[in-house]
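Please look over the sequence and the structure before reading on.

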Amino acid sequence: MKSGLLLLQLLGLSIAISWAIRNLGPRFPLPATDAVALSLVLLPPLLLGIALAWRWRSLANSDKANPQPADQAKG
């Protein structure tokens with residue numbers, strides 16, 4: 001259940017980034033340089049990586065705060 005929710009959140013973030021690039025990108029006059037192109041290409045994966053790392057840390061912290069008994073951990 002949690003993994004499905006995470007995938008939906010990542011899909012929503014990807015859609016939002018794509019929409020912003022498509023609709024808001026042309027409104028900002030950016031110089032056509034290699035540095036600008038590289039930053040625009042690397043920005044979406046960087047944002048998704050930050051989101052995944054944030055999610056991983058929050059899950060790791062919640063597991064430390066609520067440890068399961070040994071008989072329920074193996075499930």
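The points below cover the overall fold, the surface and the largest pocket.

The model is predicted. The protein chain has 75 residues, of which 5% count as buried. There are 3 helices and 0 strands in the chain.

**Fold**
- Read from the N terminus, the elements of the protein chain follow the order α-α-α.
- Helix α1 covers residues 2–24, and Trp19 is found in this helix.
- Helix α2 covers residues 34–65.

**Surface**
- The protein chain has an accessible surface of about 6,700 Å².
- Carbon and sulfur atoms account for 69% of that accessible surface.
- Trp19, Leu24, Phe28, Leu30 and Leu40 make a nonpolar surface patch of about 530 Å².

**Largest pocket**
- The space in the largest pocket amounts to about 240 Å³.
- Its lining includes Ile17, Ala20, Ile21, Leu24 and Gly25.
- Also among the lining residues of the largest pocket are Phe28, Leu30, Leu40, Leu43, Pro44 and Leu47.
- Helices α1 and α2 each contribute at least two residues to this lining.
- Sorted by class, the lining of the largest pocket holds 10 nonpolar residues, 1 polar residue and no charged residues.

**Patch and pocket together**

How values were computed: Residues numbered from 1 in each chain as written. Predicted model: local features only at pLDDT ≥ 70, side-chain atom pairs only at ≥ 80, totals over all residues. Heavy atoms only, no water. Patch = residues over 30% accessible without salt bridge, like charges linked within 9 Å, V, L, I, M, F, W, Y side chains within 5 Å. Areas by Shrake-Rupley, 256 points an atom, 1.4 Å probe, with all protein chains shown as cover. Salt bridge = Lys/Arg side-chain N within 4 Å of Asp/Glu carboxyl O. Helix = DSSP H or I, 4+ residues; strand = E, 2+ residues; numbered from the N terminus. Buried < 20%, exposed > 50% of the residue type's maximum accessible area, 1.4 Å probe, protein only. 1 Å grid on protein atoms, 1.4 Å probe; cavity = no way out; pocket = protein on both sides within 12 Å on 5 of 7 lines; lining within 4 Å. Points joined across faces, edges and corners; volume = space filled by probe spheres on them. Nonpolar A, V, L, I, M, F, W, Y, C, P; charged D, E, K, R; others polar.
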